[in-house]
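I opened my notebook to look up how the parts of one chain meet. My entries are below the structure.

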Amino acid sequence: MENILPLVSSGKIEIIKSEGCFLFDSRGERYIDMESGVWCVNLGHNHKKINRIIQRQLEKTTHLGSQVRSGLPEKLSEVLLEKLRLYNGKSVFLNSGSEAVDLSITIARHITGRRKICTIEGSYLSAYGQGVSSNPNKELISIRNNDYEKLSSIDFSNIAAFVFEPGTAWGMISFPSEQFITAIAKKARSKGSLLVVDEVTTGMGRTGIWFGYEHYRLSPDIVACGKGLGNGYPVSAVSLSEKTAEAFGKNPFRYAQSHQNDPLGCAIALGVIKELDRTNLIRRTEEEGILFKSLLKNICHKHNQIKEIRGKGLMLAIAFHNEENAKQVHQFLLEHRIICGQKLNMLRFMPPLNIEHELILEVTQTIEMALNDMAAK
Ligand SMILES: Cc1ncc(COP(=O)(O)O)c(C=O)c1O
């Protein structure tokens, strides 16, 4: 690791193989990946059907220039727009979620001729641009859930977009109230701001429904997808509603990059969507999510170190009263070869959507062991 730039902290466990919810180290030890990598492998690691699609597409073509076409982006756009219910809209395919969110914001700014954007506090948005790594600036207005007082003070007439990230996985797995989001969207719309939804993490069934914004009954102007769209392969999408695409069409701009609408990424994303449909996995995610959450809630009732259980579908979190408890349970789980996320006082669970019920039981039983162990000390 000495020659790797330490931009994020990296673990010491060396993984040589992955399959489904499991990671295997060189000694053959098995780990349960309750993070799906970085919340990407919704269909599980090393998915045989997706692997076959990759192999087949590798033997055809992986990357093309803009003077020719493969037909795959058009097919993917049709399927994705249908899922997003952005009928007659348009999409473009990029690589990372950060690119997709950044381009979505750029398009919103271009169409409205405004610079500012409004988000819910704790949103990640992107590794750059207006995202989490950017310095605090006057162009980004963030608002806390249910802060109606602040909402009434925001002048949306100079805001390009309300950029809504349902759930905020990077933040604390908190889904803002539907009433509040509806109020922001209504106010934003009335002043000509666009509604951009960041579905990079909540898309592709993660919350038990195709897209996180569907919990809010919103109709977005622009949607950014990524992560689960490629099941671990970097492909992302920006999709525009018909009206937004028309506005862009009247005053387009050039946005060139080498890997745009690449056939390999598009073939994979088409395969992922097909597989989610074929296996009825999203319905199952909703059901398993309810069971997982109720098991966590049972633990919460028995152990007063836990403040609350949050989340939707298979995007769940335990919030402890203090950070130390979260760290101790995280460490205990790691020692029992269960990988979950930990941030401040929170543990995050976002496993592959096809996780077996037995594994959910194993994880919840191990969490309970950790809490009993702590209580005994
Ligand atoms: C909600 C959300 N949007 C955008 C991104 C950025 O996506 P990527 O890491 O693929 O660039 C992330 C990354 O975690 C995210 O959680």
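Ground rules first. I am working with a predicted model, where local features need pLDDT of at least 70, side-chain atom pairs count only at pLDDT 80 or more, and totals for chains, interfaces and linings use all residues. Residues are numbered from 1 along each chain as its sequence is written, and side-chain values use heavy atoms, without hydrogens and water.

Entry 1, domains. I looked up the division of the chain and found domain 1 (15-33 + 280-376) and domain 2 (51-278). The bounds come from an automatic or database domain assignment. Over C-alpha atoms, the two centres lie 28 Å apart.

Entry 2, contact. I found 21 residues of domain 1 in contact with 23 residues of domain 2. Contact means heavy atoms within 4.5 Å.

Domain 1 and domain 2 bury about 1700 Å² between them, and carbon and sulfur atoms give 68% of that. Buried area is the accessible area (1.4 Å probe) that two parts lose on being put together, summed over both. In domain 1, I282, K312 and M315 lose the most area to domain 2, together 40% of what that side buries.

I looked for a side-chain nitrogen of Lys or Arg within 4 Å of a carboxyl oxygen of Asp or Glu. Across the interface of domain 1 and domain 2, the rule finds zero salt bridges.

Entry 5, residue kinds. The side of domain 1 that touches domain 2 has eleven nonpolar, five polar and five charged residues. Here Ala, Val, Leu, Ile, Met, Phe, Trp, Tyr, Cys and Pro count as nonpolar, Asp, Glu, Lys and Arg as charged, and the others, Gly among them, as polar.
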